[in-house]
Amino acid sequence: MTASLAYYESFLLKNVSTISTLESSLRTLTWLLPGRFKDAELASEALSASLNMISMYHDTLLARIVQSDPKYRPLIPFSLHTRFTKAWADKNSRYKWAARLLEIIRFTELLIEMGMRRKVSTKNRYRGIILLEIIKAILRLMLLRITRRPLLSPPIPERDIDPTTLPSSTETSPTLAPSSPPSSLPATPEHLKNNRVPLPQHSPLAVPPPPRSDVSIQEYLLPKALTTSAVKPPLSLVRSFSSLPEWLSEVLYILRPLVYATMLLSDRKSNRPLITILAMEFVSRSLRRNVPPSASLERSEYARRDRDMLWYLFRGTIWQSYTRPKTAHLAESFSTTPILGLFSTLIQDWIPLIDEYHYCMCSSLSSLAFWSLTFKIL
């Protein structure tokens, strides 16, 4: 088993760019599958969940390889999100495993719901959804207790590694035994070489070149200047909570999905569950602290939460009375257009999935790009 794992790791190192391209292509395929054949949505989500799990393993493996190589220097610095989540994963093992388990549940929750829909009754299916939400809430509260800071999404580091900067030798795999060092140093990339080209000789009577304006120099230097977030320690990128309203805001945000699923178990026809979760959303938003402009990581997280409120258009009575008719009309208007007819078919194939599955619009990462485009058109 160890030899097979080592062989796979060396294969990944030699073909990491190709594997990344293949993962991206297969993810695009997952939102084209629904409606193509019987149980196509189940096959699509199974493929999507498998790809996400494999990608998470690949990210873990590549991060371990980079960490084991003291000579590795990234051409582009890691993002603030990666620095923060990686620092907590390295510092606290409970954070690392709780965050990974939370991501695994997020990758597979829609697939689990599809399996429950085919095997158990509707009431038991919602009981299973409530159980998943309880586990997710416990894990998020555990992360909140460990960090004492707002939770980032996702709570694990993202892939910020340039495949071209990884070592090309298979002996760098952490599973393989180390071997002798390479006989020659790796070649310097062309864009990093100092190509010394002599300047042409100028006549004393030649017209001097026009002076550069200060504006152009300033525009060139500003993107390259270090910000306060770039020099902060990773654990200081997000401030810890210091007051009761801040804690209450985060707890309310964490408990929203659990409250919504619990109310749907007994009341799926009225708009009370949707009103309740929207009220919790706005109360949480009003209680959260004011973030200074320098706290760019926390500001980006709160901006993402504000954008995610658009997903309520696909929930409950808002979906049934407003968004669904608009989306169906949009699909029908595109059906006669030669190029946009394919997009119309995709919309019509996804509408029944939103009607049937609780997690269709919140866990299926394969539909993210598709529905982002739908938002723009609406």
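Q: In which helix is Ala46 found?
A: Ala46 is found in helix H3, residues 40-68. A helix here is a DSSP run of H or I with at least four residues, a strand is a run of E with at least two, and both are numbered from the N terminus. This is a predicted model, in which local features need pLDDT of at least 70 and side-chain atom pairs count only at pLDDT 80 or more, while totals for chains, interfaces and linings use all residues. Residues are numbered from 1 along each chain as its sequence is written, and side-chain values use heavy atoms, with hydrogens and water left out.

Q: Why is Ala46 called partly exposed?
A: Its relative accessible area is 28%. Buried means under 20%, exposed means over 50%, and partly exposed is in between (1.4 Å probe, protein chains only). Ala46 is therefore partly exposed.

Q: How far apart are the C-alpha atoms of Ala46 and Ile112?
A: They are separated by 9.5 Å, while the two residues are 66 residues apart along the chain.

Q: How many helices and how many strands does the protein have?
A: There are 14 helices and zero strands. Of the 378 residues in the protein, 38% are buried.

Q: What makes H1 and H3 roughly perpendicular to each other?
A: The axes of helix H1 (residues 2-14) and H3 cross at roughly 85° and come within 11 Å. Axes are lines fitted to C-alpha atoms, for helices over the stretch in contact, with angles from 0 to 180 degrees between N-to-C directions. Under 35 degrees counts as roughly parallel, over 145 as roughly antiparallel, 65 to 115 as roughly perpendicular, and the rest as oblique. H1 and H3 are therefore roughly perpendicular.

Q: Which residues of H1 meet H3?
A: Leu5, Tyr8, Glu9, Leu12 and Leu13 in H1 are in contact (heavy atoms within 4.5 Å) with residues of H3 that include Ile54, Tyr57 and Ile65. By class, this contact of H1 with H3 has nine nonpolar, one polar and two charged residues.

Q: How do you know how H9 is oriented to H10?
A: Helix H9 (residues 244-266) and helix H10 (residues 272-287) pack at an angle of about 170°, with axes 8 Å apart. That angle makes H9 roughly antiparallel to H10. Among the residues in contact are Leu248, Leu252 and Tyr260 of H9, and Pro273, Ile277 and Met280 of H10.

Q: Which residues have the most contacts inside the largest nonpolar core?
A: They are Phe84, Tyr95 and Leu143, in a core of 53 residues. Such a core is a set of buried Ala, Val, Leu, Ile, Met, Phe, Trp, Tyr and Cys residues joined through side-chain atoms within 4.5 Å. Helices including H9, H10 and helix H4 (80-91) each supply at least two residues of this core. Leaving aside neighbours within four places in sequence, Phe84 touches Arg149, Leu152, Pro234, Leu235, Leu237, Val238 and Leu297.

Q: Which residues of H4 are buried?
A: They are His81, Thr82, Arg83, Phe84, Thr85, Ala87, Trp88 and Ala89.

Q: What kind of peptide bond joins Ser153 and Pro154?
A: It is a cis bond, with omega about -5°. Pro154 is placed in the loop between H6 and helix H7 (214-221).

Technical notes
Nonpolar A, V, L, I, M, F, W, Y, C, P; charged D, E, K, R; others polar.
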